[in-house]
Amino acid sequence: MVDFLVLGMILLIVAAAGTYVYRAKKSGRRCIGCPDGGSCCTKKGEGHSCCCQSGKQH
């Protein structure tokens, strides 16, 4: 019985995280969970648009 409860909690957490990512991407956010609070710089001509993914600081 305890195994089912633990499995249910894990599935609930994974589903909530997936829903968060889906909604954030659908709303147009570029950096989900960015430490800059979504105020990332945009670089033209590069494949990514988030400074936090390239390891560079502002």
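Which residues make the nonpolar surface patch of about 370 Å²? Val 2, Val 6, Ile 10 and Val 14. Patch members have over 30% relative accessible area and no salt bridge, and nonpolar side chains (Val, Leu, Ile, Met, Phe, Trp, Tyr) are joined within 5 Å. A salt bridge here is a side-chain nitrogen of Lys or Arg within 4 Å of a carboxyl oxygen of Asp or Glu. Areas are Shrake-Rupley, with a 1.4 Å probe.

Ground rules next. This is a predicted model, where local features need pLDDT of at least 70, side-chain atom pairs need pLDDT 80 or more, and totals for chains, interfaces and linings use all residues. Residues are numbered from 1 along each chain as its sequence is written, and side-chain values use heavy atoms, without hydrogens and water.

Now the whole chain. Two helices, zero strands. Helices are DSSP runs of H or I, at least four residues; strands are runs of E, at least two. Of the 58 residues, 12% are buried, meaning under 20% relative accessible area, with exposed over 50%. The chain exposes about 4,900 Å². Carbon and sulfur atoms supply 62% of that area.

On to helix α1, residues 2-26. At 1.5 Å a residue, its 25 residues should span 36 Å; the expected span is 1.5 Å times one less than the residue count. The end C-alpha atoms are 36 Å apart, so the two agree. Gly 28 follows α1, with a positive phi near 100°.

Leaving out residues up to four places away in sequence, Ala 24 touches Arg 29 and Ile 32, where contact means heavy atoms within 4.5 Å.

Conventions
Patches are made of residues with over 30% relative accessible area and no salt bridge: like charges are joined within 9 Å, nonpolar side chains (Val, Leu, Ile, Met, Phe, Trp, Tyr) within 5 Å. Buried means under 20% relative accessible area, exposed over 50%, partly exposed in between (1.4 Å probe, protein chains only).
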